[in-house]
Amino acid sequence: MMRKHMSTSDGTTITEDPRLTPTDDGDHERFAHYVPKAKLTAALVNGTPVVALCGKVWVPSRDPERYPVCPECVDIKANLHR
Ligand SMILES: [Zn+2]
């Protein structure tokens with residue numbers, strides 16, 4: 001089984017361009033979060049949870065609905081490209 005290292009720290013290094021992905025939790029956290037593209041792809045294939053840039057963890061799904069973009073993710077993504 002191919003498993004990537006699951007880092008629980010906040011210091012995860014993002015080397016790839018994150019993709020915007022909506023959560024599908026059904027609670028008040030209805031935001032679209034940025035997730036590293038490779039992790040998102042694997043998550044969609046395997047049904048495993050992903051960790052957004054802001055630390056949000058959920059199992060992504062292809063959802064056509066539009067959500068407001070998570071402000072924390074926007075902030076973190078902006079800092080990544082500085
Ligand atoms: Zn977020």
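## Elements and overall fold

Helices, of at least four residues, and strands, of at least two, are DSSP runs numbered from the N terminus. In this predicted model, helix H2 covers residues 71-80 and strand E4 covers 57-58, and the loop between these two elements holds valine 59.

The protein contains two helices and four strands. Along the sequence, these elements follow the order β-β-α-β-β-α. Of the 82 residues, 22% count as buried. Among contacts between residues at least 6 apart in sequence, 35% link residues at least 24 apart.

## Confidence of the prediction

The protein has a mean pLDDT of 75, and 65% of its residues reach 70 or more. Among the elements, strand E3 (residues 50-51) has the highest mean pLDDT, at 91, whereas E1 has the lowest, at 75. Where pLDDT is low, the predicted coordinates should not be read in detail.

## Strands E1 and E2

Strand E1, formed by residues 18-22, pairs with E2 in the antiparallel sense over five bridges. Within this pairing, threonine 21 has histidine 33 of E2 as its bridge partner.

Strand E2 is mostly covered, since five of its five residues are buried. Burial extends to both faces of E2: Ala32, Tyr34 and Pro36 lie on one side, and His33 and Val35 lie on the other. Alanine 32 touches residues from two stretches of the chain, when residues up to four places away in sequence are not counted: Leu20, Thr21 and Pro22, together with Tyr67, Pro68, Val69 and Cys70.

In soluble globular proteins, nonpolar side chains tend to be buried together. Here the largest nonpolar core has 10 residues: Phe31, Ala32, Tyr34, Val35, Ala43, Val50, Ala52, Leu53, Cys70 and Cys73. Strand E2 (residues 32-36) supplies the largest share of this core, with three residues.

Phenylalanine 31, one of the core residues, is located in the loop between E1 and E2. Phenylalanine 31 counts as buried because 20 C-beta neighbours lie inside 10 Å, and the cut-off for burial is 20 or more. Phenylalanine 31 and arginine 66 are 35 residues apart in sequence, with their C-alpha atoms 8.7 Å apart in space.

Leaving aside neighbours within four places in sequence, valine 59 is in contact with Ala43, Gly47 and Pro49. Glycine 47 is 12 residues from valine 59 along the chain, and the C-alpha atoms of the two are separated by 6.5 Å.

Technical notes: Residues are numbered from 1 along each chain as its sequence is written. This is a predicted model: local features need pLDDT of at least 70, side-chain atom pairs count only at pLDDT 80 or more; totals for chains, interfaces and linings use all residues. A nonpolar core is a set of buried Ala, Val, Leu, Ile, Met, Phe, Trp, Tyr and Cys residues joined through C-beta atoms within 7 Å. A residue is buried if 20 or more other C-beta atoms lie within 10 Å of its own, exposed if 12 or fewer, and partly exposed in between; C-beta atoms are placed from the backbone. Two residues are in contact if their C-beta atoms, placed from the backbone, lie within 7 Å. Two strands pair if DSSP finds at least two bridges between them. pLDDT is the predictor's confidence in each residue, from 0 to 100.
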